[in-house]
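Student: I would like to learn how to read the features of a model like this one. Where do we begin?

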Amino acid sequence: MVGNVGNVTSLEFYAKSLAANQEICTLAASTATAITVVADTLTFGGSLTVSAITVDDVAKTAAQAGVLINDGAWHKISLTMTSIAASNLKFGTDSSAFGNVRLDYVTVNGGTSVWTFDDGPQYGEPSDGDPVAVLESLE
C-alpha cells in the first residue's frame, strides 16, 4: 500500500503477469478505481476514464493491452486518464482480491512520484520486481 498520492492523470509501470487476468492496482481502495485484466482485456473501474493506453511505447486498445499483459513477459504500460484523486493507491489489488502480478518502476504523473522495487538482485527484464519476497543470503 502506498496511500494518498494526490490527483493522478497518468500512470506508467512495468508489469509481468504470473497468471492470466490479474488485479494490477487501485487508486482509491475500491473496485471503482481499479485497473485489472479481465478476459484478456485491460479494464478500468467505473470511476476511471482512460484516454490513451500504450504497451512498450506502442498505442494499444484495452483488448490488445490485456492480451499482452497476460503473456507472462515484462511490458511497459502507460495510461493517460482524466484526473482522479488517488487517495489510497494500492499495488497488486483491486480492493476485493489480490493479483498474481509483478510490478516495477511505477511512476505517477510523469514521474512526480516513483516507486521502484529493484533493491535486490535482478534476474529478468526489467527486473524480477520482487526483491523483498526473494531474500537472498548475504553470506
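Tutor: We begin with contacts: a contact means heavy atoms within 4.5 Å. In this protein chain, residues 24 or more positions apart account for 64% of the contacts with a separation of 6 or more. This is a predicted model, in which local features need pLDDT of at least 70, side-chain atom pairs count only at pLDDT 80 or more, and totals for chains, interfaces and linings use all residues. Residues are numbered from 1 along each chain as its sequence is written, and side-chain values use heavy atoms, with hydrogens and water left out.

Student: In what order do the six strands of the open sheet lie?

Tutor: Two strands pair if DSSP finds at least two bridges between them. The order is β6-β5-β7-β1-β9-β10, with antiparallel pairing. At the edges stand β6 (58-59) and β10 (113-115); each has a single partner strand, so one side of each is left without a neighbour in the sheet.

Student: How many bridges join β1 to β7?

Tutor: Nine, and the two strands run antiparallel. Gly6 has Ala86 in β7 as its bridge partner. On β5 (residues 50-55), five bridges make the antiparallel pairing with β7 (residues 75-86), and Val50 stands opposite Met81 of β7.

Student: Which strands form the open sheet of four?

Tutor: That sheet has the order β4-β3-β2-β8, and its pairing is antiparallel. Its edge strands, β4 (41-44) and β8 (90-91), each pair on one side only. Between β2 (residues 23-26) and β8 there are two bridges, and these strands run antiparallel. Thr26 has Lys90 in β8 as its bridge partner.

Student: Where does helix α1 lie?

Tutor: For directions, axes are lines fitted to C-alpha atoms, for helices over the stretch in contact, and angles run from 0 to 180 degrees between N-to-C directions. Helix α1 (residues 62-69) lies across β1 (6-17), β5, β6 and β7, at about 40 degrees to β5. In the sheet of four strands, α1 touches β2, β3 (34-38) and β4, and its direction makes about 115 degrees with that of β4.

Student: How much of the chain is buried, and is Ala39 buried or exposed?

Tutor: Buried means under 20% relative accessible area, exposed over 50%, and partly exposed in between (1.4 Å probe, protein chains only). Of the 139 residues, 38% count as buried. Ala39, in the loop between β3 and β4, is exposed because its relative accessible area is 61%.

Student: What volume does the largest cavity have, and which residues line the cavity?

Tutor: On a 1 Å grid over the protein atoms alone, a cavity is a set of points where a 1.4 Å probe fits but cannot get out; lining residues have an atom within 4 Å of a point. Grid points are joined across faces, edges and corners, and a volume is the space filled by probe spheres set on the points. The search of the whole structure finds one cavity of 30 Å³ or more, and the largest has a volume of about 30 Å³. Its lining includes Leu11, Phe13, Ile24 and Cys25. The elements giving two or more residues to this lining are β1, β2 and β9 (101-108).

Terms used:
1 Å grid on protein atoms, 1.4 Å probe; cavity = no way out; pocket = protein on both sides within 12 Å on 5 of 7 lines; lining within 4 Å.
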